[in-house]
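Please read them with the structure open beside you.

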Amino acid sequence: MIRSSLKLLVVFLCIVFVSGMYGCKRELLSPAKVTDSTVVAGSDTAGLVNGIGKAVKFNHPFGLTVDANGNLYIADLGNNVIRKMDTTGLVSTFAGVGGVKGNLNAVDSLSTFNKPFGVAADAAGNIYVADAGNNQVRMIGATTGMVTAFAGTGIVGASNVADSVSFNSPLGVAVDGSGNVYVADYENNLIRKITQAGVVSTLAGSGAKGTDDGLDTAATFNLPEALAVDATGNVYVVDNGNDLIRKVTPAGQVSTFAGSGQPGRSDGTGAAASFNSPFGIAIDSDGNLYVADSGNNLIRKITPGGAVTTIAGSGSRGANDGTGNAASFNTPAGIAVDKAGNIYVSDESNNLIRKINQAGSVTTISKVHINSPLKAVTRDKKIR
């Protein structure tokens, strides 16, 4: 009886801790047990360790991006740092001080972040960070490694006025071929645009929650989370609260590209498809979109014509490598595609970085597995 009570107390304290650390609508799912054949890392705790393969540890990796040279950048959310995996698989801390929340602009490892969610690379190799806890978009210079505030005063708001630009929990960032940066302004339900000169405008959204299609401010979103931009400047938005993928033209015309608006996992074209709390999105050179369908633990593909298929994942929580539905994920969050068409996934609740090749085979390239007695912890929509 005493032992059972102690177990219940431990579970309760863990839930309180994790709930306080992560306060979004999404579920923070306990990592699934991994079979010996798929374990690469030897640790049973999250952490911040650099290296290759087995030596590497992450703490809730989220947004991903690949630069022109094939380097992968990871928003290591729980560690408040940006990590880099080079083409040899070597993982290093690119910017930020591990475990330290802050808003210090400085050279790489002297800088600080507060809940970095999204990352994006431009053609020159500059890295943009959606620093949600600081309500800013930060930039890491390609040649200097200097971290600066690219946009945002840090004050909560939705202002586009120069010198007083504000955001409210920006989660996603993407860059077009001209160097314009697009922001999924999560709590404001807006899509924002930042020119290379730093001029901020609202591309789409009224600020109200909804599913309305229309031109710029006539459209509505519900907690937009991530973005991808195609070669002609169309912006694709993961409309997380609506379980939809939306499309915004350069002129600001918003339409619903895929999804029924109801949680589900159906494949199909346009509104015949369904998603469940999608998080990340990426686009390949052929215009195909890839979506981290987190609530379903699946990776989905959307063709330029809007046809949705499931390319990886069984739908059950797990960390199994394999092809197609033989593979499993546990809250896939971020997604990126390299020039060769390889897909990278940040498997958030497993603390893994996974790779899907062109044949659809899923492998784990860097990971640490957490053993935890916790079940699903429901988060509300508020960012941490």
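**Notes on the predicted model**

1. In this predicted model, Pro-224 is found in strand S16, which covers residues 224–229. Pro-224 counts as buried because its relative accessible area is 0%, and the cut-off for that class is under 20%.

2. Which residues surround Pro-224, once its neighbours within four places in sequence are left aside? Pro-224 is in contact with Ala-184, Asp-185, Tyr-186, Asn-189, Leu-190 and Ile-191, and also with Val-237, Val-238, Asp-239 and Asn-240. For Glu-187, which lies 37 residues from Pro-224 in sequence, the C-alpha to C-alpha distance to Pro-224 is 8.1 Å.

3. The largest nonpolar core has 15 residues, and those that touch the most other members are Val-137, Phe-150, Phe-167, Val-173, Val-181, Val-183 and Ile-194. Two or more residues of this core come from each of strands S8 (127–131), S9 (136–140), S10 (147–151), S11 (170–175) and S12 (181–185). In soluble globular proteins, nonpolar side chains tend to be buried together.

4. Val-173 deserves a separate look. Leaving aside neighbours within four places in sequence, Val-173 is in contact with Val-137, Val-181 and Val-183, and the other contacts of Val-173 are Gly-118, Val-119, Ala-120, Tyr-128, Ala-130, Tyr-182 and Leu-227.

5. For the chain as a whole, there are 30 strands and one helix, and 58% of the 384 residues are buried. Of the contacts between residues at least 6 apart in sequence, 46% join residues at least 24 apart. The accessible surface comes to about 14,500 Å², with 54% of it belonging to carbon and sulfur atoms.

Technical notes. Residues are numbered from 1 along each chain as its sequence is written. This is a predicted model: local features need pLDDT of at least 70, side-chain atom pairs count only at pLDDT 80 or more; totals for chains, interfaces and linings use all residues. Side-chain values use heavy atoms; hydrogens and water are left out. Helices (H or I, at least four residues) and strands (E, at least two) are DSSP runs, numbered from the N terminus. Buried means under 20% relative accessible area, exposed over 50%, partly exposed in between (1.4 Å probe, protein chains only). Contact means heavy atoms within 4.5 Å. Accessible areas come from the Shrake-Rupley method with a 1.4 Å probe; for residues, only the protein chains shown count as cover. A nonpolar core is a set of buried Ala, Val, Leu, Ile, Met, Phe, Trp, Tyr and Cys residues joined through side-chain atoms within 4.5 Å.
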